[in-house]
Amino acid sequence: MFDTPQSARPGTLYIVATPIGNLRDLTLHALDVLRSVDLIAAEDTRNTQGLLSAYGIQARLTPMHEHNEQAAAARLVMTLQEGKSVAYVSDAGTPGISDPGARLVAAARAAGVVVVPIPGASAVATALSVSGLESSWLFVGFLPAKTSGRRRALENLRDLPYALVFYEAPHRVKETVVDLCALLGGDRRILFARELTKRFEQLHACPLAEALAWLEADENHQRGEFVLVLDPPAAREENDDAEAHHVLALLLEELPVKQAAHLAARLTGARKNALYQLALEMKQQGESDGPTEDHPA
Ligand code: SAM
């Protein structure tokens, strides 16, 4: 059963997700709102006009992009306080996700204006939905454009136990992939999610060591819009385990099992219960091995 169409409410700001390629990925709820609001603020009014025309919607449009967001937001809040309803749409996908919108939302909420999300397409969620990953993930968005900043950012991300999700532009995808491989290691798997929901949509997964060769194998592989999804660092987990075991073994030489497990968990971030079990096993093992000449009882 469909809910009944919902008209925009007075004095309300709607943050509306729009398609990331396929124009049919606009929700019925978004259509209700775009048809009924008093004003649509858009990142690029010409671009949004194209979307609205495709759906036969006539609306008053005003621009709000990253260069005028602060001033435009202040004006829009005044309009909202006068009781008008406003929708904000970015060029594609969900506003506020690597797109303008956050400042407007903050200004509106600070002024006590009701803000309503109208969910829909976003490239990050779309890519993750076909990544086959079950792990937690961290959305990085665009890396810094300058090489030094990008490498520093990657160094900070390298050891985090999460899948990483990046947005990337076609003219930078090669250099980004080279840095990803150099700093995160060639074994880590990357998924290229290219041109999602569009005619030349492509999904390709491979180890980072093979990623540059794949990009260079066909010029088309470097075209269009990209989401890059990196698997979490599997090897790191093994290293973490090894480190936690080592710390635990050292602490067990001086402390009772419970205290050693507790302290090792705090020092290494490993799970306390798992370390406690391990500590018990280590203790039992040590007792059954008996005292040695080097370590008399
Ligand atoms: N707000 C948008 C969202 O919710 O996904 C993101 C806007 S950001 C300015 C644009 C970037 O998103 C592109 O450079 C690309 O990395 C990614 N992107 C947008 N549409 C895409 C698509 N159809 N396929 C793959 N990536 C896409």
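By class, how many nonpolar, polar and charged residues does the shell around the ligand have? Ten are nonpolar, four are polar and five are charged. Here Ala, Val, Leu, Ile, Met, Phe, Trp, Tyr, Cys and Pro count as nonpolar, Asp, Glu, Lys and Arg as charged, and the others, Gly among them, as polar.

The model is predicted: local features need pLDDT of at least 70, side-chain atom pairs count only at pLDDT 80 or more, and totals for chains, interfaces and linings use all residues. Residues are numbered from 1 along each chain as its sequence is written, and side-chain values use heavy atoms, with hydrogens and water left out.

The chain is divided into domain 1 (12-121), domain 2 (124-230) and domain 3 (238-284). These bounds come from an automatic or database domain assignment. The ligand lies between domain 1 and domain 2, because both give residues to its shell. The C-alpha centres of domain 2 and domain 3 lie 36 Å apart.

The ligand is surrounded by 19 residues, each with a heavy atom within 4 Å of it. The closest are Ile97, Ser122, Ala123, Tyr167 and Phe226.

Polar contacts are pairs of N or O atoms within 3.5 Å. A polar side-chain atom of aspartate 99 lies 2.8 Å from a ligand nitrogen. A backbone N or O atom of alanine 92 lies 3.3 Å from a nitrogen atom of the ligand. Tyrosine 167 places a polar side-chain atom 2.7 Å from a ligand oxygen. The protein covers 91% of the 580 Å² of accessible area that the ligand has on its own (Shrake-Rupley method, 1.4 Å probe).

Key:
Polar contact = N/O pair within 3.5 Å; in protein donor to acceptor, adjacent residues only side chain to side chain.
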